[in-house]
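Let's walk through this model together, starting at a pocket and ending at the backbone. Please keep the viewer open as you read.

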Amino acid sequence: MSGSRLPYRVGPYPTTRLRRNRRNDWSRRMVAENGLVADDLIWPLFVQEGNDPRVPVPSMPGVDRLSIESLTEAATEAEQLGIPAIAIFPVIEPQQKNEDGTEATNPENLVCRAIRAVANRNLNLGIICDVALDPFTSHGQDGLVRNGYVVNDETVDVLVQQALVQAAAGCSIIAPSDMMDGRVGAIRNALDLAGHEDVRILSYAAKYASAFYGPFRDAVGSTTSLGQGDKRTYQMDPPNSDEALREVALDISEGADMIMVKPGLPYLDIIFRVKETFGVPTYAYQVSGEYAMITNSADQGSFDRKQAVLESLICLKRAGANGILTYFALETARWLREDQKT
Ligand code: PBG
């Protein structure tokens, strides 16, 4: 017995040893403050015309563009693994695109047919669809361009029509991703008037003008349309954080049921502030560039894919996300199921 030991020890080390709780797997699990389950995952999927079941997206190794038939199969698989919702993104044929993106409001367009095909399966699965014109416009902008500027109010009128055809097709969650001012209120009002008061709105409320969307624009074929253009006059400026709270406050007041922060990992502070301030259902989008970074690094042997993916997802949860849109959703749901068995 060392003479320096007191009968009653209080205070910090050596009484307090934070490593004790970390010593075993079971005790790490016991004190874990956050967890990841399939309910946290939303799976974004790309759909294209034709019967080719799946065509790889070169900038997103492991991600494919799916035919409508393959999409319904993927949706079924997602449901079986306990994923609560998918997000459908259409790849529009170049000849269907024009200046004003009029195909966006065609009730028979690709995305509406895809929604109907999935909805017909009566799955226990939410169907999320973007409202924005970029897959449909020849210039790749999310709105109407007049005199070189993406105009707000005229765009909102079209977005409302787009939301209505998607809701009529069976979309359960309308997700405006265009960042026009006032679109959430306009869409909510129009949905209600059309009898779609149960269709939810997941607003891309704090969506930043980010380089990390690059691979997505490849996937939906809007990269070439956008060319040297950018989206800085409507998407948020990365240095800003207070402004994200204003965006979220407005969208909630306009009737958003859920809100999103996008991208994910570089914007953890935004997720945290939004969740702390409003306490509303808050989602993070782990975007295409984040997918590519993790996938490419793992492919090069820099780190283990599964460990890196699971860590990135739990960090998004820890920051305050209620759920995460991630291209890793299906494989993560599989990992979670396998890990439960062992
Ligand atoms: C379209 C839209 C984009 C993403 C989702 N919806 C791209 C953009 O705004 O240019 C990005 C998703 C991703 O990168 O994974 N408005």
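Strand E1 (41–48), strand E3 (64–66), helix H2 (68–80) and helix H12 (329–341) each give at least two residues to the lining of the second largest pocket. Helices here are DSSP runs of H or I with at least four residues, strands are E runs of at least two, and both are numbered from the N terminus. E1 supplies the largest share, four residues. A pocket is an open set of points on a 1 Å grid over the protein atoms alone, where a 1.4 Å probe fits, with protein on both sides within 12 Å along at least five of seven lines; lining residues have an atom within 4 Å of a point. Of the 17 lining residues, Trp43, Gly62, Val63, Tyr327 and Leu330 lie nearest the centre. The volume of this second largest pocket is about 290 Å³, counted as the space filled by probe spheres set on the points, which are joined across faces, edges and corners.

A word on the ground rules: this is a predicted model, in which local features need pLDDT of at least 70 and side-chain atom pairs count only at pLDDT 80 or more, while totals for chains, interfaces and linings use all residues. Residues are numbered from 1 along each chain as its sequence is written, and side-chain values use heavy atoms, leaving out hydrogens and water.

The largest pocket has a volume of about 370 Å³. Helix H1 (25–31) and helix H11 (305–319) are the elements that give two or more residues to its lining, which includes Asp25, Arg28 and Arg318.

Now turn to strand E9 (residues 200–207), where seven of the eight residues are buried, meaning under 20% relative accessible area with a 1.4 Å probe and protein chains only (exposed is over 50%, partly exposed in between). E9 pairs in the parallel sense with strand E8 (residues 173–176) over two bridges, and pairing requires at least two DSSP bridges. Ile174 stands opposite Ile201 in E9. Strand E10 (residues 258–262) also runs parallel to E9, joined by five bridges, with Ile259 as the bridge partner of Ser203.

Finally, look at the backbone. Most residues other than glycine have a negative phi, and most peptide bonds are trans. Asn147 has a positive phi of about 50 degrees and is exposed, at 83% relative accessible area. Met179 also has a positive phi, near 65 degrees, but is buried at 4%. The peptide bond from Tyr13 to Pro14 is cis, with omega near 10 degrees.
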